[in-house]
Amino acid sequence: MPLSRGLGSSSAVIVGAIASAYYMSGFKVEKERILDEALIYENHPDNIAPATLGGFVCSLVEKNKVYSIKKEIDKDLAAVVVIPNLAMSTEQSRQALAKNLSFNDAVFNLSHASFLTACFLEKKYEFLKFASQDKLHEINRMKNLPELFEVQKFALENKALMSTLSGSGSSFFSLAFKDDALALAKKIQTKFKDFRVQYLEFDDNGFEIC
């Protein structure tokens, strides 16, 4: 997993280290407990929850405890991830964000995030293209690597169901049906030769002790 590319590498390391420490010390490895422990080192559950549980996960924190709802991801879906050579830490990427948000933009993102979640729950994938639109962070962060605007446009024109910045960047994530995703990955690699492109299937299990 590439570091500092918006793919959750820090959360994967944190969760993996805690789970390994529990296992090697002879303690019972319980995912709920591992997740709460991981929150000490990563102060939000956005990435530690899927790293722990796998699948499509919505989470929040209440009184230092993580509450998560998980749904398995449709087996017909796959991801195409475009990974630039440019490393970008979350802290560095946050410098590009606006200091103040408009009421309308905040409402836009809240409604779209809620609708996007419903799209996954009800398998209404035809709505993902506009449900995944953002007004709070994506455009400002993508300005650090303008080629990503071209990647997004190209992906959406070539059967991506949605195409969006992965985390804080610099990687770019597109979702498609598996057959379309394989073709899309090849097309993107041909057009954007300087970027690393990966076709990835989803994990519904989270970490596993082998």
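**Figure 1. C119 and C58, the cysteine pair of a predicted model.** C119 is buried, with a relative accessible area of 2%. The structure is a predicted model. The closest cysteine sulfur to that of C119 belongs to C58 and is 12 Å away, too far for a bond. C58 is partly exposed, its relative accessible area being 33%. Seen from C58, the closest cysteine sulfur is that of C119, again at 12 Å and too far for a bond. The structure holds zero disulfides.

**Figure 2. Helix 9 and its two faces.** Helix 9 covers residues 178-191, 14 residues in total. From its first C-alpha to its last the helix reaches 20 Å, close to the 20 Å expected at 1.5 Å a residue. The buried residues of helix 9 are A181, L184, A185 and I188. Viewed down the axis of helix 9, these buried residues fall within an arc of 105 degrees, so they line one face of the helix. An α-helix has 3.6 residues a turn, so residues three or four places apart point the same way. On the face turned away from the buried side of helix 9 are the exposed residues D179, K186 and T190.

**Figure 3. The largest nonpolar core and the surroundings of F172.** The largest nonpolar core has 20 residues, of which V80, V82, F172 and I188 touch the most other members. Strand 3, helix 8, strand 5 and helix 9 each supply at least two residues of this core.

**Figure 4. The salt bridge between K65 and E32.** The side chains of K65 and E32 meet in a salt bridge, with an N to O distance of 2.7 Å. The pair links distant parts of the chain, 33 residues apart: K65 is in strand 2 (residues 65-71) and E32 in helix 2 (residues 31-38). K65 is partly exposed, with a relative accessible area of 22%, whereas E32 is exposed, at 52%. A network of salt bridges links E32, D36 and K65. The count for the structure comes to seven salt bridges.

**Figure 5. The salt bridge between D74 and K123.** The N to O distance in the salt bridge between the side chains of D74 and K123 is 3.9 Å. D74 lies in the loop between strand 2 and strand 3, and K123 in the loop between helix 5 (103-122) and helix 6 (128-131), so the pair ties together parts that are 49 residues apart in sequence. D74 is buried, with a relative accessible area of 16%. K123 is partly exposed, with a relative accessible area of 47%.

**Figure 6. The salt bridge between K153 and E157 within helix 8.** K153 forms a salt bridge with E157, and their closest N and O atoms are 2.6 Å apart. Both residues lie in helix 8, four residues apart, about one turn of the helix. K153 and E157 are both exposed.

**Figure 7. H112 in helix 5.** H112 is found in helix 5. The residue H112 is buried, with a relative accessible area of 16%. Beyond its neighbours within four places in sequence, H112 is in contact with F130, A131 and Q133.

**Figure 8. S102 and L161.** S102 lies in the loop between helix 4 (90-94) and helix 5. With a relative accessible area of 35%, S102 is partly exposed. From S102 to L161 the separation is 59 residues in sequence and 28 Å in space, C-alpha to C-alpha.

How values were computed: Residues are numbered from 1 along each chain as its sequence is written. This is a predicted model: local features need pLDDT of at least 70, side-chain atom pairs count only at pLDDT 80 or more; totals for chains, interfaces and linings use all residues. Side-chain values use heavy atoms; hydrogens and water are left out. The expected span of a helix is 1.5 Å times one less than its number of residues. Buried means under 20% relative accessible area, exposed over 50%, partly exposed in between (1.4 Å probe, protein chains only). The arc is that of the directions from the helix axis to the C-beta atoms. A nonpolar core is a set of buried Ala, Val, Leu, Ile, Met, Phe, Trp, Tyr and Cys residues joined through side-chain atoms within 4.5 Å. A salt bridge is a side-chain nitrogen of Lys or Arg within 4 Å of a carboxyl oxygen of Asp or Glu. A disulfide is a pair of cysteine sulfur atoms within 2.5 Å. Contact means heavy atoms within 4.5 Å.
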